[in-house]
Amino acid sequence: MVLDRTQSKLWFERAQAVILGGVNSPSRSYKSVGGGTPTVMVRGQGSHMYDVDGNEYIDYLAAYGPSILGHAHPAITEAIAQAAVDGVLYGTPTPSEVLFAEKLRQAIPDLERIRFVNSGTEAVMTTIRVARAYTGRRKVLKFAGCYHGHSDAMLVAAGSGPSSIGVPDSAGVTANIASEVITVPFNDPDILAKALEVHGTDVAAVLVEPIVGNFGIVPPRDDRYLGQVIDLAHQHGALVIFDEVITAFRFHYGSAAQMYDVHPDLYALGKIIGGGLPIGAYGGRKDIMEQVAPLGPAYQAGTMAGNPLSMRTGMACLDVLQEPGIYDDMARRAQVLTEAAHEAAKRHGVSITINRMGGAFTIYFGSHPVRNYDDANATDSDQFARFFHLLADRNILIAPSKYEAWFVSAVHTDEDIERTVAVYDEVFKELGQH
Ligand code: PMP
């Protein structure tokens with residue numbers, strides 16, 4: 001039942017001759033699923049994508065998160081078309097950035113002041129600079145396996161992309177920079193408390209994905225954990241940055257912080273808020289944000305920052321996400337998918353663990369709960385690789401890494417879900433034979 005991928009192979013060969021490694025982001029390579037040719041896509045429509053050979057896929061990759069409205073959603077297409085007609089870049093202030101900032105603050109009132117940038121990487125990198133400027137301190141505490149973009153300091157013990165390709169710390173990041181980053185396991189308040197006792201007076205910020213998305217979906221251990229993280233950081237004079245690049249607008253219309261009723265000092269945002277266009281944003285407490293130029297001494301700038309194309313498309317995306325029932329539907333469909341996976345796995349004697357939050361989930365191969373990066377690492381990579389290819393051969397697209405998530409979008413249909421469930425039996429049967 002292997003699909004014809006002749007054209008994908010040809011395009012990937014050409015790609016490798018001109019684009020480094022054939023991919024513009026390493027997570028797109030199939031290195032962590034035993035190699036092979038990444039599927040080369042030409043079109044997306046709704047919850048489906050189509051490759052250069054004409055094969056159709058149900059898309060649970062969702063471009064690593066942003067495509068919560070699927071592909072070519074009419075609201076998105078129209079926003080892009082209208083923005084294009086008005087010209088895509090002015091290099092001046094524009095109403096669309098004001099309207100969009102107001103909309104974000106309305107959804108997440110902690111965003112007293114906002115800056116738009118062009119990627120999640122930039123957003124996180126800048127929050128760290130701002131925290132250092134505000135506190136006059138040098139170090140950052142992060143959690144092992146969380147990915148916060150590819151700025152130098154953030155490539156220390158950094159989650160999905162780097163861990164998939166077996167580069168825990170990137171070459172080219174100096175020992176000096178690594179020495180500014182303290183790493184502790186997620187979901188363990190005691191270890192965090194101890195680390196802060198040792199390093200607390202040097203720590204500018206504690207940075208966390210409130211619901212982890214980068215060693216799979218890993219929620220906080222209980223409803224108190226994120227509050228404990230914030231309290232501990234504040235006791236030591238450190239700021240708290242929530243990296244909500246994946247989580248904001250993923251589980252409900254707003255932040256993950258709101259789900260746990262907590263208030264970090266700064267947020268980094270990206271992905272969904274751009275409706276599929278390049279975007280990042282950071283923001284938070286006014287007195288802290290006022291560190292940034294032109295009001296303050298910390299510098300951050302961007303030629304493309306706040307461009308009308310991204311602003312208007314992001315606005316259109318959030319408008320759709322405000323429609324009633326959208327998040328409930330995503331969660332319900334994801335629940336059907338995970339329950340069916342459990343049943344099929346059990347039927348065929350395959351041990352799996354699933355972490356799900358709303359419409360996002362990760363299927364890990366192993367029977368232990370996954371609460372931190374070590375747990376995720378200990379799951380079976382070979383079984384995952386087989387799983388990935390068995391699904392792809394049956395027209396189901398997920399991310400080629402055991403550290404990523406399935407994303408159910410607002411446009412997946414019950415038929416998509418049924419089709420997916422229908423292939424589980426065969427897939428887990430094959431896995432059960434290993
Ligand atoms: N933070 C988190 C939590 C992310 O998942 C990512 C991207 N996967 C980033 C930051 C970096 O965002 P970008 O790829 O847009 O630079």
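A residue is called buried if 20 or more other C-beta atoms lie within 10 Å of its own, exposed if 12 or fewer do, and partly exposed in between, with C-beta atoms placed from the backbone. By that count Lys 271 is buried, because 26 other C-beta atoms lie within 10 Å. The model is predicted, and for that reason local features need pLDDT of at least 70 and side-chain atom pairs count only at pLDDT 80 or more, while totals for chains, interfaces and linings use all residues. Residues are numbered from 1 along each chain as its sequence is written. Helices (H or I, at least four residues) and strands (E, at least two) are DSSP runs, numbered from the N terminus.

**The annotated lysine**

- The UniProt record, an unreviewed entry, places the feature "modified residue: N6-(pyridoxal phosphate)lysine" at Lys 271; UniProt positions are given in the numbering used here, feature names are shortened, and annotations may be inferred rather than shown by experiment.
- Lys 271 sits in the loop that joins β9 (266-270) to β10 (280-284).
- Once neighbours within four places in sequence are left aside, Lys 271 is in contact with Gly 65, Pro 66, Gly 120, Val 245 and Ile 246, where contact means that the C-beta atoms of two residues, placed from the backbone, lie within 7 Å.

**The shell around the ligand**

- The ligand has 16 residues around it, of which Ser 119, Gly 120, Thr 121, Gly 149 and Val 245 come nearest; a residue is near a molecule or strand if its C-beta atom, placed from the backbone, lies within 6 Å of it.
- Helix α4 (residues 120-135) supplies the largest share of this shell, three residues.
- Sorted by class, the shell has five nonpolar, nine polar and two charged residues, with Ala, Val, Leu, Ile, Met, Phe, Trp, Tyr, Cys and Pro taken as nonpolar, Asp, Glu, Lys and Arg as charged, and the others, Gly among them, as polar.

**The pair α14 and α15**

- The axes of helix α14 (residues 381-392) and helix α15 (residues 414-432) come within 10 Å and cross at roughly 145 degrees, the axes being lines fitted to C-alpha atoms, for helices over the stretch in contact, and the angles running from 0 to 180 degrees between N-to-C directions.
- On the α14 side the contact is made by Gln 383, Arg 386, Phe 387, Leu 390 and Leu 391, and on the α15 side by Val 427, Glu 430 and Leu 431.
- The residues of this contact divide into five nonpolar, one polar and two charged.

**Backbone features in loops**

- The peptide bond from Ala 293 to Pro 294 is cis, with omega near 10 degrees, and Pro 294 belongs to the loop between α10 (286-289) and α11 (308-321).
- Ala 62 has a positive phi of about 50 degrees although it is not a glycine; Ala 62 lies in the loop between β3 (56-59) and α2 (74-85) and is buried, because 27 other C-beta atoms fall within 10 Å.
- Ala 72, in the loop between β3 and α2, has a positive phi near 55 degrees, again in a residue other than glycine, and Ala 72 counts as partly exposed because it has 14 C-beta neighbours inside 10 Å.

**Other single residues**

- Ala 144, in the loop between β5 (139-143) and α5 (160-164), is buried with 20 other C-beta atoms within 10 Å, and its C-alpha atom lies 5.3 Å from that of Pro 185, although the two are 41 residues apart in sequence.
- Pro 38, in the loop between α1 (6-16) and β1 (41-45), counts as partly exposed with 19 C-beta neighbours inside 10 Å, and residues that Pro 38 touches beyond four places in sequence include Phe 12, Val 23 and Tyr 30.
- Asp 190 lies in helix α7 (residues 189-199) and is exposed, because 9 other C-beta atoms lie within 10 Å.
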